[in-house]
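Please work through each task before reading its solution.

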Amino acid sequence: MHFLSDDLENYIAQHSQAEPELLAALNRETHLKIMQPRMLSGHFQGRVLSMLSKIIRPNQILEIGTYTGYAALCLAEGLTPNGQLHTIELNDELSIIQQKYFNLSPYKNQIKPYYGNAREIIPTLTETFDLVFIDADKESYTTYFDLILPKMNKGGIILSDNVLWSGKVVEPVKANDKSTQALLAYNQKINEDPRVETVLLPIRDGLTVTRVL
């Protein structure tokens with residue numbers, strides 16, 4: 001489902017902060033060299049992530065699902081001077097492009113990558129987080145939420161991507177469509193959980209902002 005016309009999407013991008021040069025280069029290289037470049041956050045959503053991070057001014061960020069590192073670099077823009085961004089990626093073959101752009105950024109010493117299964121890595125983290133971005137396998141969103149909530153600081157923000165899933169959340173769900181089923185359950189869970197408050201934003205493929213009470 002295409003939520004906005006191309007003309008409107010172009011207008012939105014043109015009237016939002018310009019895409020930084022380094023991120024534009026990463027955007028191009030991802031589309032040229034990496035499979036499924038649609039997974040990249042991209043210009044507009046990247047600027048939304050940057051703005052939210054700058055408003056929050058997090059000391060500790062956790063990202064679940066690094067891909068090529070575009071969103072990580074956007075989120076890092078709001079870090080405090082001594083802050084850290086921890087980012088977990090299952091596919092270690094993406095590490096070359098990630099490290100290339102992390103090292104070219106001002107945040108190269110503040111980004112700590114992990115490679116492996118986030119279900120196993122998250123319990124080993126000793127930090128408490130001000131900002132978390134979930135953008136990995138959809139069937140695990142509820143598990144990730146349950147793992148990270150005890151590690152969140154009061155007032156911390158959890159961002160969840162792709163929660164509209166190309167509009168499939170309002171269409172008849174096929175019996176074998178595990179991702180849509182999982183997202184429907186997740187969206188309901190975070191909206192009803194008394195420990196948090198959530199608003200779902202129709203940004204790109206859906207972005208929820210969940211505040212820990």
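**Exercise 1.** In what order do the strands of the open sheet of seven strands lie, and with what kind of pairing?

The model is predicted: local features need pLDDT of at least 70 and side-chain atom pairs count only at pLDDT 80 or more, whereas totals for chains, interfaces and linings use all residues. Residues are numbered from 1 along each chain as its sequence is written, and side-chain values use heavy atoms, with hydrogens and water left out.

*Solution.* Step 1: strands (E, at least two residues) and helices (H or I, at least four) are DSSP runs numbered from the N terminus, and two strands pair if DSSP finds at least two bridges between them. Step 2: the order is 3-2-1-4-5-7-6, and the pairing is mixed.

**Exercise 2.** In what sense do strand 6 and strand 7 pair, and over how many bridges?

*Solution.* Step 1: strand 6 and strand 7 (residues 207-212) are antiparallel, with six bridges. Step 2: individual bridges include Val196 with Val212 and Val199 with Val209. Step 3: the two strands form a hairpin with five residues between them, and Arg204 in the turn has a positive phi of about 50°.

**Exercise 3.** Classify the ring pair of Tyr141 and Tyr186 from the distance of the centres and the angle of the planes.

*Solution.* Step 1: rings of Phe, Tyr and Trp (its six-membered ring) pair if their centres lie within 6.5 Å; planes under 30 degrees apart count as stacked, over 60 as edge-to-face and the rest as tilted. Step 2: the centres of Tyr141 and Tyr186 are 5.3 Å apart and the planes stand at 80°, so the pair is edge-to-face. Step 3: Phe145 and Tyr186 are also edge-to-face, at 6.3 Å and 75°. Step 4: Phe145 belongs to helix 7 and Tyr186 to helix 8, so this pair ties together parts 41 residues apart in sequence.

**Exercise 4.** Is Glu29 buried or exposed?

*Solution.* Step 1: buried means under 20% relative accessible area, exposed over 50%, and partly exposed in between (1.4 Å probe, protein chains only). Step 2: Glu29 has a relative accessible area of 12% and is therefore buried. Step 3: Glu29 lies in helix 2 (residues 21-33).
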